[in-house]
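Try each task yourself before you read its solution.

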Amino acid sequence: MISLTVNGARRSFDGDPTMPLLWFLRDELALTGTKYGCGISQCGACTVHVDGQPARACQRRMSTLEGRTITTIEGLHPTGEHPAQVAWRELDVPQCGFCQSGQIMEAAALLRTKPKPTDGDIDTAMTGHLCRCGTYPRIRAAVKSAAEKLP
Ligand code: FES
Ligand code: FES
């Protein structure tokens, strides 16, 4: 039995320990904000936080998550008012939206460690996130805007 915390709630799992976290989130907890893109750690669509660090949920096996704390886009802020979420809305960042929860989770993790990121910091942090719609300029602008909103 694996016990973990997801968005503040204690959860347990006693299935296949090699199953990716992404399946647990989407199929067992119905937390479908986290997306499946490539499945091979190349696109970033499945990014969540594990103990506060950005992690690719398609690559994290359940067996590695005993006692861990997971945050998904649904749990980033109780009412969707995290500075990144506010900035994303204000700048109308998403096009199709598929990649954006992963983008926001990466940005939120960056802002926690670097509240005033440089352009280079932003590019480095976001480089592993693919957006088929090409919203990269708005993503960068939104990260900067979110940084300005931080308390
Ligand atoms: S689905 Fe996990 S990185 Fe693409
Ligand atoms: S908004 Fe469509 S893939 Fe990024």
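**Exercise 1.** Find what share of the 151 residues in the protein is buried.

*Solution.* Keep in mind that this is a predicted model. Begin with the cut-off: a residue is buried when its relative accessible area is under 20%. With that rule, buried residues make up 46% of the 151 residues.

**Exercise 2.** Work out which pattern of helices and strands the protein follows along the sequence, and why it can be called as compact as a globular protein of its length.

*Solution.* Count the elements to begin: there are five helices and five strands. Reading along the sequence then gives β-β-α-β-β-β-α-α-α-α. Next, compare sizes: the radius of gyration is 15 Å, close to the 15 Å that the globule rule gives for 151 residues, so the protein is as compact as a globular protein of that length. Along its principal axes, the C-alpha trace spans about 45 × 30 × 25 Å.

**Exercise 3.** Decide whether helix α2 is largely enclosed or largely open.

*Solution.* Locate the helix at residues 83–90 and check its burial: six of its eight residues are buried, so α2 is largely enclosed by the rest of the structure. The buried ones are Pro83, Ala84, Gln85, Val86, Ala87 and Trp88. Then look for their cover, which includes α3 (100–113) and α5 (136–149). Finally, step just past the helix: Asp92 takes a positive phi of about 50°.

How values were computed. Residues numbered from 1 in each chain as written. Chains lettered and ligands numbered in written order. Predicted model: local features only at pLDDT ≥ 70, side-chain atom pairs only at ≥ 80, totals over all residues. Heavy atoms only, no water. Helix = DSSP H or I, 4+ residues; strand = E, 2+ residues; numbered from the N terminus. Rg over C-alpha atoms; globule rule 2.2 N^0.38 Å. Buried < 20%, exposed > 50% of the residue type's maximum accessible area, 1.4 Å probe, protein only. Contact = heavy atoms within 4.5 Å.
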